[in-house]
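The exercises below ask you to read helix packing and backbone geometry from a model. Try each task before you turn to its solution.

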Amino acid sequence: MGVLKGILEGVVEDLEERKRATPLAELQARVRDVAPARDPLPAFRAPGVSIIAEVKRKSPSKGELADIADPASLAAQYEQGGAAAISVLTEKRRFGGSLADLDAVRARVGVSVLRKDFIVDPYQLWEARAHGADLALLMVVSLEGSLLADLHGLAVELGLTPLVESHTAEELDRAVASGAQVLGVNARDLTTLEVDRTVFKELAPQIPADRVRVAESGVAGPGDVAEYRSWGADVVLVGEALVRAGDPATSVRDFTASA
């Protein structure tokens, strides 16, 4: 699994620390007091292309991207620009994120919030809901056997909308079979970190018409969003191009208007 293997090893180590600090029963109690999750599907299915704007400090492929001292302020600018949802990276070792970022963003914006992390354990879904997430990312490449179906089922039970991500035709078949309503195609191969945006073009026709198609990675400007839209994307997730933008709200508007 190349690069991904190292990321997952760190994720599991950090997860075990959080489990020791906060027992599952405590998380479950918190979830009972959290407001119901928002439904992102009406926004994702609206005419035109929707943008999921990402709070992202760094990445394994590009290193440091932006010094985001106030993730809530950045998210508010995304919302002002018309973002349909905000993605918050919560993995700390390679992406510099945290659950505190998720808390801050959730408290500031009214649109749906996605917890973007390497989710491999039910505990992480309880965390996502306890911290106010409305969506949770499930990566097929890291979920073997029945784990994808198990996590998808728990996410739905908790009120979360799973964004199930694929990179290959085989992964997409599993994603579709899971019943997920929101299907992402990541142009980045997480085992090598190489990006090929035409992966979305090749795989999008395999996604049933009644599902939401999300294009992920490889967006440098409005032209890339427009191209993804021409290939069938309902939603485009944008991170690096927005955190490096001088005016995030205007950039979101430009991306939305491009298609």
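**Exercise 1.** Is the crossing of α4 and α5 left-handed or right-handed?

*Solution.* This is a predicted model, in which local features need pLDDT of at least 70, side-chain atom pairs count only at pLDDT 80 or more, and totals for chains, interfaces and linings use all residues. Residues are numbered from 1 along each chain as its sequence is written, and side-chain values use heavy atoms, with hydrogens and water left out. Helices are DSSP runs of H or I with at least four residues, and strands are runs of E with at least two, numbered from the N terminus. The crossing of α4 and α5 is right-handed, a term used if the near helix is turned clockwise from the far one by less than a right angle. The contact (heavy atoms within 4.5 Å) is made by P71, A72, S73, A75, A76 and E79 of α4 together with D101, A104, V105 and R108 of α5.

**Exercise 2.** Which residues of helix α12 are buried?

*Solution.* Buried means under 20% relative accessible area, with a 1.4 Å probe and protein chains only. In helix α12, which spans residues 248–257, the buried residues are P248, A249, S251, V252 and F255. Seen down the axis of α12, these residues fall within an arc of 165° (taken from the directions from the helix axis to the C-beta atoms), so they line one face of the helix.

**Exercise 3.** Where is L193 placed?

*Solution.* L193 is in the loop between β8 and α9. Although L193 is not a glycine, its phi is positive, at about 75°. L193 is buried, with a relative accessible area of 18%.

Methods: Buried < 20%, exposed > 50% of the residue type's maximum accessible area, 1.4 Å probe, protein only.
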